[in-house]
Amino acid sequence: MFIVLDHVSFSYLAHTPFEISALVDVNCAIDRGESVGIIGRTGCGKSTLTQHFNALLFPDAGKVLIDGSEIRKKSAPLKEVRQKIGLVFQYPEHQIFEETVFGEVSFGPRNMGMGEGELERTVRWALDMVGLDFETLKEKNPFELSGGQMRRVAIASILSMRPQALVLDEPTAGLDPEGKKMIFGKLKTLRDEWGTTLVIVSHSMEDLAQIAQRIIIMDQGKIVLEGPIREIFSQVEKLEWYGVRPPATARIAAEFRKRGYDLDCTVLTPQELAKEIEDKIIQRRKG
């Protein structure tokens, strides 16, 4: 496994009267090349969990292993860890600070010691990976771009460091449908063609249905449910119990089942749902 948390617990303001327990005895394993969705109600520990993946936070108890090596507070090779695990915060465009797109996207690899020739090739690649044209935008001020373009520049600035895993917190928040489609299309390319591990924190089950292979549900600092996405999303009542609104396809399929139609509750997309409904109606008419 590439990312492993072994009985990890973490509290904010530990050993003070204001201590808040954020993670409680969490066990988690993510393999190379996986795309995993992490969901749960606000304050359940999702962001705290992912910040342990690249040593922004260290556990109070338990172990974090990245690529087989334990990450300890006093001896963690932080540069190496953060090259392997790229973390994209919610609204990453708020973190942009350089005056040109080239400067922004090249900042990370330049500080890693990358030479100028390789630097330009890397920036070209990173911008291409998010659907932006290098020649058109390299000298542009990123603050003059559209919101969607700024989001992609921010993601490219993480990709330019060639991480083996990309952790994204609400990557499509505030984007229009076209922007969402573009982001998820590029993320799929990274996973399928480059083998990038994807970990996506999201409140949108419809978004996760487009890309996640496995789902982790958190509640009160614990992992309470995990499994393949179709299996998890078909458990409508459990999702609602943990404060998660099931995707529309799962809710509709569950409603049809209540009305006597033996629909497959593991459907993910509207197209799959429509085909399933059509097939069951035809079977009823024939019967």
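Predicted model: local features only at pLDDT ≥ 70, side-chain atom pairs only at ≥ 80, totals over all residues.

**Stop 1: H3 against H6**

Select residues 101-111, which form helix H3, together with residues 147-159, helix H6. Their axes pass 6 Å apart, and the packing angle is about 30°. That is under the 35 degrees limit, so H3 and H6 count as roughly parallel to each other. Now show side chains. On the H3 side, the contact comes from Val101, Glu104 and Val105, and H6 answers with Val153, Ala156 and Ser157. Colour that set by type and you get 4 nonpolar residues, 1 polar and 1 charged.

**Stop 2: Ile96**

Stay in this area and pick Ile96, in the loop between strand E6 (85-88) and H3. Is Ile96 buried or exposed? Its relative accessible area is 7%, so it is buried. Leave out the neighbours within four places in sequence, and the contacts of Ile96 are Glu104, Pro142, Phe143, Met150, Val153 and Ala154. For a sense of scale, draw a C-alpha to C-alpha distance from Ile96 to Arg259: it comes to 52 Å, for a sequence separation of 163 residues.

**Stop 3: H4 against H7**

Next, select helix H4 (residues 116-129) and helix H7 (residues 177-194). Here the axes are 9 Å apart and the angle is about 120°, so this pair is oblique. By type, the contact splits into 4 nonpolar, 1 polar and 2 charged residues.

**Stop 4: two positive phi values**

Time for some backbone. Most residues other than glycine have a negative phi, so the next two picks deserve a click. Asp67 has a positive phi of about 55° and sits in the loop that joins strand E4 (61-66) to strand E5 (69-70). With 32% relative accessibility, Asp67 is partly exposed.

Then jump to Glu170, in the loop between strand E7 (165-169) and H7. Glu170 also has a positive phi, near 50°. Its relative accessible area is 11%, so Glu170 is buried.

**Stop 5: Glu276**

Head to helix H12 (residues 270-286) and pick Glu276. This residue counts as buried too, at 15% relative accessibility. What does its side chain reach? Follow it to the backbone nitrogen of Asp264, 3.0 Å away. Setting aside residues up to four places away in sequence, Glu276 touches Asp262, Leu263, Asp264 and Val267.

**Last stop: the cysteines**

How many disulfides does the structure hold? The count is 0. A disulfide would need the two sulfurs within 2.5 Å. Check how far each is tucked away while you have them selected: Cys28 is buried at 5% relative accessibility, and Cys44 is buried at 1%.

How values were computed: Residues numbered from 1 in each chain as written. Heavy atoms only, no water. Buried < 20%, exposed > 50% of the residue type's maximum accessible area, 1.4 Å probe, protein only. Axes fitted to C-alpha atoms, helices over the stretch in contact; angles between N-to-C directions. Helix = DSSP H or I, 4+ residues; strand = E, 2+ residues; numbered from the N terminus. Parallel < 35°, antiparallel > 145°, perpendicular 65-115°, else oblique. Contact = heavy atoms within 4.5 Å. Nonpolar A, V, L, I, M, F, W, Y, C, P; charged D, E, K, R; others polar. Polar contact = N/O pair within 3.5 Å; in protein donor to acceptor, adjacent residues only side chain to side chain.
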